[in-house]
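Subject: Model handover

Hello,

Here is the structure you asked about. Please open it first, then read the notes below.

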There are 2 protein chains.
Amino acid sequence: MPAVSDARPDLDLLFAPRSVAVVGASTNVDSPGHDYVRSLREFGFRGPVYPINPKASEIAGYRAYPSLADLPEPVDLVISCIPAEGVLDLIAQCAGGRAKFLHLFTARFSETGDPRAAELERQVAERARAAGVRILGPNGMGIYHPAGGVAFRPDLPKAAGGVAFLSQSGNNAVEVVIRGAARGLGFGKVANYGNGLDITPAELFRYLAHDAATEVIGAYIEGVPDGRALFEAVREAATRKPVVIHKAGRTQAGARSASSHTAALAGSRELWSAALRQAGAIEARSQEQLLDLMTAAALLGRPRGRRVAVVGGGGGRSVQSADACEENGLEVVPLPATVRERVRERAPYLADWVQNPVDQSILAGSGLSSNALLEMMVESGAFDMAIANIGEEWFFGRPDAEARLRHACERLAAIARRSPIPVAIVLGATETPVEWQRRLVDTIRDEFVAAGLAVFPSVERAAFALARLAPPRR
Amino acid sequence: MPAVSDARPDLDLLFAPRSVAVVGASTNVDSPGHDYVRSLREFGFRGPVYPINPKASEIAGYRAYPSLADLPEPVDLVISCIPAEGVLDLIAQCAGGRAKFLHLFTARFSETGDPRAAELERQVAERARAAGVRILGPNGMGIYHPAGGVAFRPDLPKAAGGVAFLSQSGNNAVEVVIRGAARGLGFGKVANYGNGLDITPAELFRYLAHDAATEVIGAYIEGVPDGRALFEAVREAATRKPVVIHKAGRTQAGARSASSHTAALAGSRELWSAALRQAGAIEARSQEQLLDLMTAAALLGRPRGRRVAVVGGGGGRSVQSADACEENGLEVVPLPATVRERVRERAPYLADWVQNPVDQSILAGSGLSSNALLEMMVESGAFDMAIANIGEEWFFGRPDAEARLRHACERLAAIARRSPIPVAIVLGATETPVEWQRRLVDTIRDEFVAAGLAVFPSVERAAFALARLAPPRR
């Protein structure tokens with residue numbers, strides 16, 4: 001793997017190829033061989049697209065060719081959807097500069113546990129090296145890079161951004177992209193590298209570390225052949241931008257499962273945690289944590305300290321918020337005297353009663369809302385971050401629930417947008433049996449997300465994400 | 001508190017009063033004094049309802065009376081929405097058998113931190129004892145018991161069931177009822193006891209322990225005046241039915257917040273955990289965990305052992321599922337030989353490759369679905385519980401996504417309904433930017449819930465709940 005020792009691996013044309021051929025392209029709309037071609041069209045890929053299929057004349061609107069040898073020019077990227085048996089021959093066709101990168105969607109190599117399949121994979125690596133072709137995969141869905149017009153599924157979000165994601169698993173990459181988009185993440189360079197035969201996560205990390213378009217890096221890793229190289233690459237990346245890593249296959253059962261999935265050797269949980277921490281990465285232990293951490297990193301940035309202001313919801317929510325913040329290592333500091341004095345001017349009886357977290361229910365009739373308190377708190381200089389609970393269930397019980405909830409959320413959005421500290425918004429998980437309430441919560445969440453704000457379904461998840469991004473405790 | 005020493009506290013008429021008076025009833029539709037009266041109408045309360053308001057002739061369709069003294073008969077339950085200053089006088093009016101139970105929605109007592117308010121609360125307790133009136137509250141929303149026609153908000157779910165819930169916090173009770181209903185929980189007796197001045201959580205637990213209509217008990221507790229009595233009561237209840245307790249105010253910040261909320265002294269986290277475990281209760285550390293545990297207890301019951309079968313989703317999901325199960329202490333045992341042989345008959349190449357968890361992506365083209373594997377596994381006798389991942393993001397990318405997803409979910413529902421072991425269904429958190437996908441997931445979840453099945457938004461949450469309900473590890 002010659003590129004591994006370079007400072008900046010040359011993977012530009014993998015993520016942003018000037019031309020793409022899809023070998024095993026298909027007219028069957030229910031097949032990956034069709035999806036890869038159609039994706040290029042749907043994502044507006046600007047260069048030539050060459051479906052390769054000896055029996056078709058046209059696929060998804062592009063002229064089809066019988067073989068790679070029939071193409072009018074060399075291509076930057078070949079995507080392979082053919083069976084494993086044909087891959088050695090395909091590599092021969094890519095040799096001599098006919099293709100720079102070969103992405104093997106093709107699977108059933110070492111991950112099957114079959115020794116013959118593992119031997120074939122070894123030969124693939126050897127022949128590709130000799131042919132001067134870089135391999136992504138096998139057993140991976142490849143590249144999703146909306147700004148470059150490349151995607152592994154035609155239905156994925158078209159919006160682009162600065163969040164990169166590396167994933168050993170394909171279905172996990174799809175889930176993270178779809179769920180992340182719903183949270184407001186705009187994705188840049190996403191790679192699903194599968195068995196990681198040639199282009200490894202370490203090389204991809206080093207590339208993204210130096211990629212100016214990449215602002216945040218997330219990764220899902222089951223196991224790696226060379227832990228030391230990955231560790232160095234993660235460290236290189238983490239000095240430049242936030243890096244969040246979901247390490248799966250941490251348990252014995254998880255490692256067994258990883259081995260049959262991508263033939264990965266998973267390694268011990270404690271070792272990985274320590275290494276990730278030392279490398280400056282933030283560790284996630286589930287996809288949910290990964291998405292929460294990427295959302296916080298991309299939309300809120302790192303808080304300067306650990307002092308948290310919490311407002312909203314009733315008394316029970318305040319107690320639960322305080323527990324969640326402190327158990328995650330945030331400092332639920334008292335309300336500063338300056339804020340108490342501002343409260344005293346408007347509602348004297350509240351001035352010595354109200355606390356951080358602010359219990360919204362005791363504000364009733366005072367003329368002060370939790371938004372008013374939030375505004376005083378974020379402006380006070382006494383906090384490094386804020387969590388705003390909406391507590392929509394309270395609104396649902398009032399007349400004009402929709403108008404009131406909308407009004408409160410609009411004001412909250414305005415405060416959060418101009419706040420000098422990160423403000424995480426907690427809008428419940430839409431768990432209500434009432435249809436209009438679900439739709440309303442969904443709509444409001446979409447509006448927050450469109451405004452670039454970070455929304456979490458529970459205060460526990462908001463506190464977790466903010467705490468992991470904050471500087472370590474003294 | 002004389003009733004505390006009885007075997008079964010006499011609280012029947014608190015939850016199912018034959019007549020109710022609402023003092024401080026209001027014609028203002030945006031006030032609790034209106035909501036309590038309207039709730040009785042909306043929930044079809046069968047006995048007489050007496051709104052008390054000297055200035056109104058009628059409230060929510062019921063004839064209003066100027067005072068308790070003007071009522072034609074004594075009442076079982078009086079709900080007080082008047083300010084704290086009027087409560088001593090109200091107790092005097094309840095004396096002499098005029099009212100059995102007085103629920104004080106009225107707040108601003110000891111929870112304010114004001115010594116005069118705390119002294120007033122002390123006097124309330126003393127006078128009520130002398131007057132022979134039992135007090136629920138103060139500073140609590142009181143009773144929600146849909147089968148008895150009583151509720152603290154008119155918009156709460158009307159469906160009734162066997163799940164009881166005790167909550168120190170009112171807004172938390174509302175959230176748990178609404179969110180629980182969306183998960184399929186049918187509630188029976190729910191009490192929000194606020195400051196717990198007279199009727200304590202211990203007494204309520206003992207009542208529910210012996211209540212034949214109560215099948216599962218959940219509770220949200222910030223702190224208690226008498227931990228020993230609560231411990232004994234919880235133990236009494238837990239020998240008879242599953243008990244799930246969310247103890248909040250575990251941290252210093254949480255305890256401070258609890259004190260300003262319901263004047264509760266919260267007590268240390270470790271002490272509580274040990275006591276709950278010893279009493280046989282299952283501890284939740286967040287509302288989310290509480291709801292997951294109540295859902296599992298009510299809809300799945302306790303598994304007989306810790307061996308888990310997992311199917312569905314792609315390879316990444318399988319690895320993550322294995323991690324989640326093992327980290328929660330479940331046993332991800334290998335696929336039994338009997339199942340492998342059944343697989344071999346249909347797809348020989350899969351028989352030695354497929355594992356538990358079953359990676360759905362390797363089944364493609366085999367004629368076997370994850371539902372087929374699930375059915376073999378639940379029938380095999382080798383597992384004590386199953387988790388079925390749906391992995392809806394895969395379906396979203398296929399033609400006829402809706403029809404295929406619906407078909408798979410219908411078959412899954414049929415298998416889960418007749419399974420001899422509990423089957424938890426994992427249907428993602430509806431986190432997609434695409435409107436039709438959200439609606440479809442919501443609709444399918446509602447259909448599972450209507451069929452009495454337990455749905456969790458992630459495999460981690462399903463594994464957590466099942467593991468806590470399973471017998472302890474040997």
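Leaving aside residues up to four places away in sequence, B:Gly148 touches B:Phe15 and B:Ala16. Touching means contact here: two residues are in contact if their C-beta atoms, placed from the backbone, lie within 7 Å. B:Gly148 sits in the loop between β8 (142-144) and β9 (160-167) of chain B. Helices (H or I, at least four residues) and strands (E, at least two) are DSSP runs, numbered from the N terminus.

Is B:Gly148 buried or exposed? B:Gly148 is buried, because 23 other C-beta atoms lie within 10 Å. The cut-offs are these: buried takes 20 or more other C-beta atoms within 10 Å of the residue's own, exposed takes 12 or fewer, and partly exposed is in between, with C-beta atoms placed from the backbone. For scale, B:Gly148 and B:His407 are 259 residues apart in sequence and 40 Å apart in space, C-alpha to C-alpha.

**Ground rules**

This is a predicted model: local features need pLDDT of at least 70, side-chain atom pairs count only at pLDDT 80 or more, and totals for chains, interfaces and linings use all residues. Residues are numbered from 1 along each chain as its sequence is written, while chains are lettered from A and ligands numbered from 1 in the order in which they are written.

**Chain A overall**

Chain A has 17 helices and 17 strands. Its radius of gyration is 25 Å, close to the 23 Å from the globule rule for 474 residues, so chain A is as compact as a globular protein of that length. The radius is taken over C-alpha atoms, and the rule is 2.2 Å times the number of residues to the power 0.38. The C-alpha trace spans about 85 × 45 × 35 Å along its principal axes. Buried residues account for 62% of the 474. Take the contacts between residues at least 6 apart in sequence: 74% of them join residues at least 24 apart.

**Two domains**

Chain A is assigned domain 1 (2-297) and domain 2 (301-469). Those bounds come from an automatic or database domain assignment. The domain centres, taken over C-alpha atoms, are 40 Å apart. Nine residues of domain 1 and 10 residues of domain 2 make the contact. On the domain 1 side, helix α10 (residues 287-299) of chain A gives the most, with six residues. That side has four nonpolar, three polar and two charged residues. Ala, Val, Leu, Ile, Met, Phe, Trp, Tyr, Cys and Pro count as nonpolar, Asp, Glu, Lys and Arg as charged, and the others, Gly among them, as polar.

**Helix α15 of chain A**

Helix α15 (residues 401-418) of chain A has 18 residues. From first C-alpha to last it reaches 26 Å, close to the 26 Å expected at 1.5 Å a residue. The expected span is 1.5 Å times one less than the number of residues.

Which residues of α15(A) are buried? They are A:Leu405, A:Ala408, A:Cys409, A:Leu412, A:Ala413, A:Ile415 and A:Ala416. They cover an arc of only 165° around the axis, so they lie on the same side of α15(A). The arc is that of the directions from the helix axis to the C-beta atoms. The buried residues pack against α13 (370-379), β15 (385-389), α14 (392-396), β16 (423-426) and α16 (435-450) of chain A. The face turned away from the buried side carries the exposed residues A:Ala403, A:Arg417 and A:Arg418.

**Where the chains meet**

70 residues of chain B are in contact with 70 residues of chain A. Several helices of chain B each supply at least two residues of its side, including α5 (170-183), α8 (252-262) and α11 (315-327). The largest share, 11 residues, comes from α11(B). The chain B side divides into 21 nonpolar, 28 polar and 21 charged residues.

**Backbone points to check**

- A cis peptide bond joins A:Asn356 and A:Pro357, with omega about 0°. A:Pro357 is in the loop between α12 (337-346) and α13 of chain A.
- The peptide bond from B:Asn356 to B:Pro357 is cis, with omega near 0°.
- A:Asn139 is not a glycine, yet has a positive phi of about 65°. A:Asn139 counts as buried, with 29 C-beta neighbours inside 10 Å.
- B:Arg108 has a positive phi near 65°. B:Arg108 counts as partly exposed, with 18 C-beta neighbours inside 10 Å.

Best wishes
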